[in-house]
Amino acid sequence: MAPYFSALYLEGLLLGMGLFAAPGPKDTLVIRQGVSRGPVWGVVAICIVADVLLIALGITGLGSILERRPTLVALLLLSGAAYLLWFGAQRLLACLRDQSMPDTHGGNSQRGLLRTAVVLGFANPYAWLDTVVLIGSIGAAKPASQQALFAAGAMTASLIWFVALALGCQRLTGLFRTPAVWRWLDAGVAILMVYLASMLIADSLDVFEVVLK
């Protein structure tokens, strides 16, 4: 029985790691706080809690509901693409205006940072695609007795990923001491967001093509 349970947990863990390792807005926020030695652990906690709640929401039924409504999935894909383009535009503007280097000494910076983390965690369509639609629909399709262990594996993946990302980025602090390096980081983030958005748009067009047939 133990290998059976281990396989379920490992399946959720590997799926989660594969999805969470694709950089998105939440990862970018953790990276920026990690390399700047900002208050990263509050951000990490919010990102993990958001993933846990959204995975649970998806596996308890919302993921399978969305999977049966391809038009809604296509709209969510387009919403995710729009969100990524907006996020990338913000980083590009910061790069062009030489405002990329974060100010970690502002009085309200930590509170605003945590609010940003909540928005990126819960109101980000891109995060919903990974957790609710993909992980949730796969988990919801399993027998009820298997769902909890599969979900636990996927939730553990979020914990491992964000903790490892924060620790790894803190080791790169020495490289991010000048505004120029921060501008290059923001430029790279902007390009990545455009690429990810284009992938989501292509996926949405594929879904619409199937619906129209």
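Biologist: Which residues lie nearest the centre of the largest cavity?

Modeller: This is a predicted model in which local features need pLDDT of at least 70 and side-chain atom pairs count only at pLDDT 80 or more, while totals for chains, interfaces and linings use all residues. Residues are numbered from 1 along each chain as its sequence is written, and side-chain values use heavy atoms, with hydrogens and water left out. On a 1 Å grid over the protein atoms alone, a cavity is a set of points where a 1.4 Å probe fits but cannot get out, and lining residues have an atom within 4 Å of a point. The largest cavity has 15 lining residues, and nearest its centre are Phe 20, Lys 26, Asp 27, Tyr 126 and Asp 130.

Biologist: Which helix gives the most to the lining of the largest cavity?

Modeller: Helices are DSSP runs of H or I with at least four residues, numbered from the N terminus. At least two lining residues come from each of H1, helix H2 (25-35), H6 and helix H7 (144-170). With 4 residues, the top contributor is H6.

Biologist: How many charged residues are in the lining of the largest cavity?

Modeller: Asp, Glu, Lys and Arg count as charged; Ala, Val, Leu, Ile, Met, Phe, Trp, Tyr, Cys and Pro as nonpolar; and the others, Gly among them, as polar. The lining has 8 nonpolar and 3 polar residues, and the charged ones number 4.

Biologist: What volume does the second largest pocket have?

Modeller: A pocket is an open set of points with protein on both sides within 12 Å along at least five of seven lines. Grid points are joined across faces, edges and corners, and a volume is the space filled by probe spheres set on the points. This pocket is lined by 15 residues, with Tyr 126 and Asp 130 among those nearest its centre. Its volume is about 240 Å³.

Biologist: Which helix supplies the largest share of the nonpolar patch?

Modeller: Patch residues have over 30% relative accessible area and no salt bridge, with nonpolar side chains (Val, Leu, Ile, Met, Phe, Trp, Tyr) joined within 5 Å. Areas come from the Shrake-Rupley method with a 1.4 Å probe, and a salt bridge is a side-chain nitrogen of Lys or Arg within 4 Å of a carboxyl oxygen of Asp or Glu. The patch covers about 560 Å² and includes Leu 72, Leu 85 and Ile 201. Its largest share, 4 residues, is from H4.

Technical notes. Patches are made of residues with over 30% relative accessible area and no salt bridge: like charges are joined within 9 Å, nonpolar side chains (Val, Leu, Ile, Met, Phe, Trp, Tyr) within 5 Å.
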